[in-house]
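Here are a few friendly notes to read alongside the model. They take up strand pairing, aromatic rings and a surface patch in turn.

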Amino acid sequence: MADFDELRNMVSSFRVSDLQVLLQFAGLSRSGRKHDLLMRALDLLKSGCSPAVQTKVKELYRHRYPSTTEEFSISVDFDLDSSSCPVEPDLAVASIHPLSSTSVMSQSASSSVSSVLLQNTEPHLEMQQPSPPIPPVHPDVQLKNLPFYDVLDVLIKPTSLVQSSIQRFQEKIFIFALTPQQVREICISRDFLPGGRRDYTVQVQLRLCLAGSCPQEDDYPNSLCIKVNGKLFPLLGYAPLLKNGIEEKRPGRPLNITSLVRLSSAVPNQISISWACEIGKNYSMSVYLVRQLTSAMLLQRLKMKGIRNPDHSRALIKEKLTAVPDSETTTTSLQVSLMCPLGKMKLTIPCRAVTCTHVQCFDADIYLQMNEKNPTWICPVCDKRAAYESLILDG
């Protein structure tokens, strides 16, 4: 049996006409709005559809996203008599033929597109421009780990934001459902904040990134708009600034959509993502159930890794004070401060990244607190990347 997630994402990308064809094939009602048709089709898949219906879904998907070809099609005019087959206007104007091999076509003298093809008896070669490759439904995308979140479950695995038309602005709908256990974990993590606001430590997290082979950071497409269950998700704190009338790139961050999610295992959730296409860039989205951690929790985990042997620091100091042959300058002293370069207070938990080559340390507690508010993970001493995984307490 075909993978349910793959079939579900195929159906989610269908247009109204595709959904109506599928429902009619399954003997179900094809009336209603797109949302009603989509819910009906997803219920059909969820109830365990027949192999014939699965084949129909794949057939409709292949028809909607046909495989590309890099071959050329050649149309040749042999004669101009009235018995010739007319050329399809939309294909002729676009200079694209849906054939992967050589095709022979002729043109009527009264054709409305006679200006497009040569009007003589000499053969006319017309090359087909290869269309851009269609990204896979589930690309092999790996996102970078977020230190302040533990992933509990994958609700929607990385899925391509496929361009479904030639329009600049695209929209795609995704469906996911929570299990009773997941709903329970979210509800018991709820905390009421001043002003009647609710916060959850177990969250439904939406992430977007570029499709690539190496671990990707969060990245947003241009003109991003997200709706969860029909409600607009406010991208507060992510609003782009206008500079000379040009939209600046939003900084990529994970999105906590828990407040708009239906906390029920009986009703599925719908995410609508609209964006502006960019040439040469393919994006993917994914949804996770995560547990949010605090800087105190990360500090405790860092302490559990242990303290680096003091001999390492001694060896590093000796290496820096050792004269380098054929060098005109020699280091005779090293200046190290006991004040944290971040908090300007005395170091309590000296820390460095294993990738850093300097002796100066910074305070681990202050460093984690600052990255909890604004996760940059940049060493305050050398301004190089100091990820949480590379941190170690200095002995």
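This is a predicted model: local features need pLDDT of at least 70, side-chain atom pairs count only at pLDDT 80 or more; totals for chains, interfaces and linings use all residues.

1. The pairing of E1 with strand E12 (residues 283-292) is antiparallel and runs over eight bridges.

2. Zooming out, the sheet is an open one of four strands, ordered E1-E12-E5-E10, with antiparallel pairing. Which strands stand at the edges? They are strand E1 (149-160) and strand E10 (255-256); each has a single partner strand, so one side of each is left without a neighbour in the sheet. As a reminder, strands of a sheet pair through backbone hydrogen bonds, either parallel or antiparallel.

3. Now for the rings. With ring centres required to lie within 6.5 Å, the count is four aromatic pairs. In one of them, Phe 362 and Tyr 367, the centres are 4.7 Å apart and the planes meet at 45°, so this pair is tilted. The angle falls between the cut-offs of 30 degrees for stacked and 60 for edge-to-face.

4. Are these two residues buried or exposed? Phe 362 is buried, at 0% relative accessibility, and Tyr 367 is buried too, at 2%. Ring pairs also join Phe 362 and Tyr 367 with Phe 148, Trp 377 and Tyr 388 in a cluster.

5. Ile 317, Leu 321, Leu 334 and Val 336 make a nonpolar patch of about 280 Å². Ile 317 belongs to helix H8 (residues 310-321), and its relative accessible area of 32% makes Ile 317 partly exposed.

Terms used: Residues are numbered from 1 along each chain as its sequence is written. Side-chain values use heavy atoms; hydrogens and water are left out. Rings of Phe, Tyr and Trp (its six-membered ring) pair if their centres lie within 6.5 Å; planes under 30 degrees apart count as stacked, over 60 as edge-to-face and the rest as tilted. Buried means under 20% relative accessible area, exposed over 50%, partly exposed in between (1.4 Å probe, protein chains only). Two strands pair if DSSP finds at least two bridges between them. Helices (H or I, at least four residues) and strands (E, at least two) are DSSP runs, numbered from the N terminus. Patches are made of residues with over 30% relative accessible area and no salt bridge: like charges are joined within 9 Å, nonpolar side chains (Val, Leu, Ile, Met, Phe, Trp, Tyr) within 5 Å. Accessible areas come from the Shrake-Rupley method with a 1.4 Å probe; for residues, only the protein chains shown count as cover. A salt bridge is a side-chain nitrogen of Lys or Arg within 4 Å of a carboxyl oxygen of Asp or Glu.
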